[in-house]
Amino acid sequence: MANGNDPVNPDEILFRRIPASTGWYRPGDSPPLEPEAFRPNKNDITGLSVFREKYISTERAAQGRPGKSYFVAVFRAGDLIDAGMRVVPRPLEDHPGHAEIESLT
Amino acid sequence: MKLIHPAESLHDRASYLIQGIVDIPLPAAGEQDGWGDAFRQLAAWKSDSSLLEDEGVESPQKRIVRSAEETGLSLKEHGISSPERVVPDGDGGIAFRWRQGPSSWTIEFDSDGSIESYLMHEGRLIRRHSLHETAG
């Protein structure tokens, strides 16, 4: 497997972790997702964090802080690219599958 | 474009912020206006900031929660129904959001004390108003 620096393919599946405590995702509501779940915060200097399915399972992507619960949004890289966004690999030491959506920040 | 408006009183502040909803017919607040749920949510965040602390999520400080509470009370007095959603913005702020069909109206209490209201229609920004804390 590559080291995480390989370009993100449009057919790749990406994950975005959403803390359950925020209420940004509420299954059953219409729409269920609030825009804050994909809004860069002051720490997202270079881009919005996502994880690549080719490197990480959904279950692993859903693991954040101990004792906290998370939802995982699943989407296709090509849909973001088609909308004019850039998805770039940004591997971390403990997360080779880390990538960022650049054009939001 | 950000607008600076010297709204000093809570009444002035609410009057200014609700300019954004003239284009969407929000239901008027009735007996079951739902504000109780919103205030309970805010009170919970104020009493225990750890409820929201998470990676990439900054909890709102008490003064921001108080600002949201005070503005909420004023909106209620203006006959505005409770927001459909009360959510943290992730950067230490709070957002009230109402929806009507393809339109949404948001009042956001930013961590720096400023307040912004904006109207979106089909994902496009239609109108935005900002209030900034006065110095001193």
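Predicted model: local features only at pLDDT ≥ 70, side-chain atom pairs only at ≥ 80, totals over all residues.

Let me start with chain A as a whole. Chain A has two helices and five strands, and along the sequence they come in the pattern β-β-α-β-α-β-β. Its radius of gyration is 13 Å, close to the 13 Å that the globule rule gives for 105 residues, so chain A is as compact as a globular protein of that length. Of its 105 residues, 24% count as buried. As for contacts in chain A between residues at least 6 apart in sequence, 70% of them join residues at least 24 apart.

Now the strand pairing in chain A. Strand 5, residues 98-101, pairs with strand 2 of chain A in the antiparallel sense, over four bridges. One pair to look for there is A:L48, whose bridge partner in strand 5 is A:I101. Strand 5 of chain A also pairs with strand 4, residues 87-89, again antiparallel, over three bridges. In strand 5, A:A99 stands opposite A:P89.

Next, the loop between strand 1 and strand 2 of chain A. A:P31 is found in this loop, and the peptide bond joining A:S30 and A:P31 is cis, with omega about 0°. A:T46 sits in the loop between strand 1 (13-19) and strand 2 (48-52) as well. Is A:T46 buried or exposed? It has 11 C-beta neighbours inside 10 Å, and the cut-off for exposed is 12 or fewer, so A:T46 counts as exposed. A:T46 and A:R90 are 44 residues apart in sequence, while their C-alpha atoms are 9.7 Å apart in space.

Helix 2 of chain B covers residues 35-47, which is 13 residues, and reaches 18 Å from its first C-alpha to its last, close to the 18 Å expected at 1.5 Å a residue. Which residues of helix 2 of chain B are buried? They are B:A38, B:L42 and B:W45. These cover an arc of only 60° around the axis, which puts them on the same side of helix 2 of chain B. What covers the buried residues of helix 2 includes helix 3 and strand 1 of chain B.

Helix 3 of chain B, residues 62-77, has 16 residues that should span 22 Å at 1.5 Å a residue; the end C-alpha atoms are 23 Å apart, which agrees. Its buried residues are B:I64, B:V65, B:S67, B:A68, B:T71, B:G72 and B:L75. They cover an arc of only 155° around the axis, which places them on the same side of helix 3 of chain B. The face turned away from that buried side carries the exposed residues B:K62 and B:E77. After helix 3 of chain B comes B:G79, with a positive phi near 85°.

Then strand 1 of chain B. B:R85 and B:V87 point one way from this strand, B:V86 and B:P88 point the other way, and all are buried. Strand 1 pairs with strand 2 of chain B, residues 94-100, in the antiparallel sense over four bridges. Across that pairing, B:P88 stands opposite B:I94. The hairpin of these two strands has five residues between the strands, and B:G90 in it takes a positive phi near 90°.

There is one more backbone point in chain B. B:E122 is not a glycine, yet has a positive phi of about 50°. B:E122 is in the loop between strand 4 (115-121) and strand 5 (124-131) of chain B, and with 9 C-beta neighbours inside 10 Å it counts as exposed.

Last, the contact between the chains. How many residues of chain B are in contact with chain A? There are 13, in contact with 14 residues of chain A. Strand 1 of chain B, residues 85-88, gives the most to the side of chain B that touches chain A, with three residues. By type, the residues of that side divide into six nonpolar, two polar and five charged.

Definitions and conventions. Residues numbered from 1 in each chain as written. Chains lettered and ligands numbered in written order. Contact = placed C-beta atoms within 7 Å. Nonpolar A, V, L, I, M, F, W, Y, C, P; charged D, E, K, R; others polar. Rg over C-alpha atoms; globule rule 2.2 N^0.38 Å. Buried ≥ 20, exposed ≤ 12 C-beta atoms within 10 Å, placed from the backbone. Expected span 1.5 Å × (residues − 1). Arc of directions from axis to C-beta. Pairing = 2+ DSSP bridges.
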